[in-house]
Amino acid sequence: IPANITSTNAALPAADKALAWIAEDDHLSRLAREIADGNARLIGLTHRGNTEFPGVDELLQCHTRRDRFTMEVDLDTLDAKRIDAIDDGSDYIINFNRVLSRWWEQEKESCE
């Protein structure tokens, strides 16, 4: 794990974590750090009470319902600047979730 990918304060709100990770722009290293710290979570985006997990394949959606395996960014509580930053980081979130859900499926527990 690169030295610039440090542990994240677990008490930070999900939006702050996601925005910091997007700014790092290294989803693989961040994912490795979160796994090493035991804090790996899928990033969910909530809007009007509906939460979606971009990048999680349909067959792996069961992982979005696992206890302590998600963090939800409530877009309805963010200002326009932070929403824009989340939108700009949509590829990052998709790739982070895609890799994490597949890793969980292969290494930890299958949806089947």
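1. Asp37 is partly exposed in this predicted model, its relative accessible area being 27%. Its salt-bridge partner is Arg33, with the closest N and O atoms 3.4 Å apart. Both residues belong to helix H2 and are four residues apart, so about one helical turn separates them.

2. Helix H2 (residues 27-37) also holds Arg30 and Glu34, again four residues apart, or about one turn of the helix. Their side chains form a salt bridge with an N to O distance of 2.7 Å. Arg30 has a relative accessibility of 1% and Glu34 one of 3%; because buried means under 20%, both residues fall in that class.

3. A salt bridge of 2.8 Å (N to O) connects the side chains of Asp57 and Arg102. This pair links distant parts of the chain, 45 residues apart: Asp57 sits in the loop between S2 and S3, and Arg102 in helix H4 (residues 90-107). Asp57 is partly exposed at 30% relative accessibility, as is Arg102 at 37%.

4. Salt bridges with shared partners join Glu24, Arg30 and Glu34 into one network. The structure contains six salt bridges.

5. Arg66 is located in the loop between strand S2 (50-52) and strand S3 (70-74). With a relative accessible area of 19%, Arg66 is buried. Its side chain makes polar contacts with the side chains of His63, at 2.9 Å, and Glu109, at 3.1 Å. Beyond its neighbours within four places in sequence, Arg66 is in contact with Trp104, Glu109, Ser110 and Cys111.

Notes
Residues numbered from 1 in each chain as written. Predicted model: local features only at pLDDT ≥ 70, side-chain atom pairs only at ≥ 80, totals over all residues. Heavy atoms only, no water. Helix = DSSP H or I, 4+ residues; strand = E, 2+ residues; numbered from the N terminus. Buried < 20%, exposed > 50% of the residue type's maximum accessible area, 1.4 Å probe, protein only. Polar contact = N/O pair within 3.5 Å; in protein donor to acceptor, adjacent residues only side chain to side chain. Contact = heavy atoms within 4.5 Å. Salt bridge = Lys/Arg side-chain N within 4 Å of Asp/Glu carboxyl O.
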